[in-house]
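Thanks for making the time this morning. I would like to walk through a few side-chain arrangements, so please have the viewer open.

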Amino acid sequence: MTFEELGVSVEIRQAIEEMGFVQPMPVQEEVIPRLLTSQQDMIALAQTGTGKTASFGIPLLMRLDLSNRDTQALVLSPTRELCLQIADDLREFSKYMDGVHVEAVYGGAAIESQIRSLKKGAQVIVATPGRLIDLKNRGYAKLESINNIVLDEADEMLNMGFSDAINEIFDSLPAEHSTLMFSATMSRAVERVAKQYLKDYEEVVVGSRNEGAENVNHIYYMVQAKDKYLALKRIVDFYPKIFAIIFCRTKLETQEIADKLIRDGYNAESLHGDLSQQQRDLTMQKFRQHLTQLLVATDVAARGLDVDDLTHVINFGLPDDIENYTHRSGRTGRAGKKGTSISIVHSKEKHKIREIEKEIGKQFVETPIPSAEEICKKQLYKVMDQIVKTDVDDEEIAPFMQDISRYFEYIDKEEIIKKIVSLEFGKFLAYYADAPEIEKVEIGKRKEDRMQTDREKRMNKAQKGYTRLFINLGKKDGFFPGVLMQTLNRYVGGRQEVGHIDLLDTISYFEVPEKDARKVMSQLTGIRYKGRTVRCNSEDDKTHGPTNEFHEPNRAKSRNNKSSGSNRSQETHKSRKNNDWRSLMNASRVELKGEEPDFSEEGWARRKPKKKK
């Protein structure tokens, strides 16, 4: 079927052909003829990236009375980014239609310029709900002549809390109007709005209700929570041509993951609500132009985000809402292309995988974390492919060939190839030669066995050339990697190198170069942090490890033993205590470049707090 057969006008066909639209997509074949021949209300269920804008935008434009400058059509979208994108598409579709004015109004931008545009007249307004209500209440957005309203990404708008705003907008519309709702999922909230505001509506489903995108593969990697970032790095390295969005649950996690990726040499940027609108616009522009390879984002910030050619969506943990997973995975696998949705999960999220499988009707494939050897092979092939496919401008390089040939005269071809590959490939070989192993999670393993495994792995020595230190501050104290680095730089002086960091609730462990260990321990012990006296010693100093002062579980056990009349020896209690604090070292691992410190017993004895009388 062609657009001409669907009944699309000559002017719009000319515009969309220039945009590269050759044949209608399935949702366009279903929706466009219905909207051109009927004013009946409609709900269309289709995944993001299936051609929805054209399916409602083309009929919307063809229904306009171009002799009238009053607002006749309204499109509501959940985000500024989607609002701008829809408006741009409608302008492109109508470029050969005389007298069509499309205006986008949205929050986060100066309202004065939008007011000036609306004063000139706009037959079509594309808006975010909040800004539209503001303009309506000021008397500049006039809704009394609207005969067509579209709610795009209706489920996301309702998830974002726009229910009251949508109710107010519908209350301002004339009695006679046509309503079209587009949604990726048919949630209860969408059904509720449909029953409230749509009359005798038709439901059009492309695919099946609440189904994941057809061209998307769903895989997951099961890892310990502490290994999630290491797993992310391996996954990204395993796909050299990856162009992906990495979804995180919180703004803090989003920024932390983006910062670590950037620090580790990846082409990444963050997108979340704490960024200014200008920063968000710049970030999105760079990502759409493929200048950024990895976008780390929250669900809210990425809503309405439409980017072509995404190869992967990576879930750095699963969302609480299954609908959010559907939206995330629908960002890839568009326009008939294949895509992959990857989830990095820990054992407690296993049940979520099964729930999502039932909801979207797709099966997840559990996949082992790529090995160092597999990753290096992939990266090596990428380098070789780049070398072979590099275009050579003979004329441009000709003046230099004599000098080049003379310089390499005594180096054979094999040696040159080795040097070129090593130059491009060296960082992967260096990293994976001594990369930390990621423990395989065995779901059926008894809890006691998993705790023992964690304890044994945690008791391994620090990476070569580093010393592992203990400090009596943890996440409950607001002690995070950035705070640790600031503390070190303030009290130790200079820019102190740091290796692996393990954060627990009440204590932390970090690595510094062996040569700096004594200095770091000396400078940190005795300082005050939020009213607490800081203690810092070597993890290897078993005799003077963390005491009951910092471990509520041990204090509780001690009280219980006294109340029951148990009379254990002091030596037995100390042994149990040291084992307990080691077993607690099951924390999220944060990788920073640097080394670890070393503490002696003599040094600890000098810093050991005196007992209160």
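Let me begin with a question: leaving aside its neighbours within four places in sequence, which residues is E349 in contact with? This is a predicted model, and in it E349 touches G317, L318 and I344 once those sequence neighbours are set aside. E349 is found in the loop between β13, residues 339-345, and α16.

Turning now to the rings, the structure holds 11 aromatic pairs. One of them joins F238 and Y239 in an edge-to-face arrangement, with 5.3 Å from centre to centre and 80° between the planes. F238 counts as buried because its relative accessible area is 19%, and the limit is under 20%. Another pair, Y325 with F364, is tilted, at 5.5 Å centre to centre and 45° between the planes. Since Y325 lies in helix α15, residues 322-329, while F364 lies in the loop between α16 (350-360) and β14 (365-366), this pair ties together parts that are 39 residues apart in sequence. Both Y325 and F364 are buried. Elsewhere, ring pairs link F3, F21 and F93 into a cluster.

Finally, there are charges over rings to look at. The charged end of K378 sits over the ring of F238, at 3.8 Å from its centre, and K260 lies over the face of Y229, 4.6 Å from the ring centre.

Note on methods: Residues numbered from 1 in each chain as written. Predicted model: local features only at pLDDT ≥ 70, side-chain atom pairs only at ≥ 80, totals over all residues. Heavy atoms only, no water. Phe/Tyr/Trp six-rings, centres within 6.5 Å; stacked < 30°, edge-to-face > 60°. Buried < 20%, exposed > 50% of the residue type's maximum accessible area, 1.4 Å probe, protein only. Helix = DSSP H or I, 4+ residues; strand = E, 2+ residues; numbered from the N terminus. Lys NZ or Arg CZ within 6 Å of the ring centre and 35° of its normal. Contact = heavy atoms within 4.5 Å.
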